[in-house]
Amino acid sequence: MVTPEAGPMELFSLGFRAYKRGEKAEALEALRYAADKGHPGARWKLGRMYAEGDGVAKNDYEAFKIFGQIINTEQDDTSNSPNAAYVASSVTALGDYMRTGIPGSPVTVDLSQARQLYFHAASIFGDPRAQFELGRMLLNGEGGRANARQAARWLKLAAEKGNVGAEALLGYLLFDGEKIGLRPEPVRGLAMLTIAAKKAGNLDQTWIRPLQEEAFSLTNEADRRTALAYAESKGAVLAGN
């Protein structure tokens, strides 16, 4: 039973346990009380629930405001702070919203602001998804000048932390090396694309698989075998390759 007078940590724990049991209404009530008392984890979870329509009607603007509260309250946090993960995720989420806007709300597309938010989460907190999104914006010239070499550096950092999108995009850039001014590495590039395509979820598959198929078709037989053997040694084998 949710007791509003309880402390923020107790309420957060209560909400978390209720959420794990699938009792979303009770979880939402407890998390709201904990969030009102300033618990950053409760605020973050509430924001995610509104963003995903998880146990509550989807409301991106409400999520946007909650993530903004986290950032304003914890703005002095660094990567070593106890709440760093919540803050980094919130900054990245705000970057997403500034990149797309929120229909029917005051939040409009601002690519420059999105790029700055991703840079903050990528550089201060080392957030891998922010590093990937920043790399992609730098590569495409979104929100500022394009810089493929800088893009590759951010993608490399994200790929080293297991970000599938970064691994795929970096592999694609390394495949011919032209955009980043490096010698072509078709074996490495195809291997990275193949591994990423195998690990990717359904949403990422829609753009990663075509890149992998393109690289596969352009690679000579010897390089193809070497790349696929390496990918197979990492547990990545795609049907049809």
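Q: How should I read the crossing in which H9 passes H10: is it left-handed or right-handed?
A: A crossing is left-handed if the near helix is turned anticlockwise from the far one by less than a right angle, and right-handed if clockwise. Here H9 passes H10 in a left-handed crossing, where helices (H or I, at least four residues) and strands (E, at least two) are DSSP runs numbered from the N terminus. The model is predicted, with local features needing pLDDT of at least 70 and side-chain atom pairs counting only at pLDDT 80 or more, while totals for chains, interfaces and linings use all residues. Residues are numbered from 1 along each chain as its sequence is written, and side-chain values use heavy atoms, with hydrogens and water left out.

Q: How many Å should the 14 residues of H10 span, and what do its buried residues pack against?
A: The expected span of a helix is 1.5 Å times one less than its number of residues. For H10 this gives 20 Å, and because its end C-alpha atoms are 20 Å apart, the two values agree. Buried means under 20% relative accessible area, exposed over 50% and partly exposed in between (1.4 Å probe, protein chains only); the buried residues of H10 run from Gly189 to Ala197, and include Met192, Thr194 and Ile195. They pack against H9, helix H11 (202–218) and helix H12 (221–233).

Q: How many residues of H3 are buried, and which helices do they pack against?
A: Helix H3 (residues 40–52) is mostly covered, with ten of its 13 residues buried. Among these are Arg43 and Lys45, together with Leu46, Met49 and Tyr50. Packing against them are helix H1 (8–20), helix H2 (24–36), helix H4 (60–73) and helix H5 (84–100). The length of H3, 18 Å from its first C-alpha to its last, is close to the 18 Å expected, and just after the helix glycine 53 takes a positive phi of about 65°.

Q: What covers the buried residues of H5?
A: The cover includes H3, H4, helix H6 (111–124) and H7. H5 is mostly covered, since twelve of its 17 residues count as buried under the cut-off, including Val91, Thr92, Leu94, Tyr97 and Arg99. Just after H5, glycine 101 takes a positive phi of about 75°.

Q: Which residues touch the most other members of the largest nonpolar core?
A: In soluble globular proteins, nonpolar side chains tend to be buried together. A nonpolar core is a set of buried Ala, Val, Leu, Ile, Met, Phe, Trp, Tyr and Cys residues joined through side-chain atoms within 4.5 Å. The largest has 61 residues, of which Leu46, Phe64, Phe67, Tyr97, Leu155 and Leu170 touch the most other members. H5 gives the most to this core, with eight residues. A second, separate core of 15 residues includes Ala168, Leu190, Ala196 and Ile208. Phenylalanine 64 touches Leu94, Tyr97, Met98, Ile102 and Val107, leaving aside residues up to four places away in sequence.

Q: Is alanine 130 buried or exposed, and where is asparagine 163 placed?
A: Alanine 130 lies in helix H7 (residues 128–140) and is buried, with a relative accessible area of 0%. Apart from residues up to four places away in sequence, alanine 130 touches Thr92, Tyr118, Ala121 and Ala122. Asparagine 163 sits in the loop between helix H8 (148–160) and H9, and counts as buried at 14% relative accessibility.

Q: How many helices and strands does the protein have?
A: There are twelve helices and zero strands. Buried residues make up 48% of the 241 residues, and the C-alpha atoms fill a box of roughly 70 × 40 × 35 Å, taken along the principal axes.

Definitions and conventions. Contact = heavy atoms within 4.5 Å.
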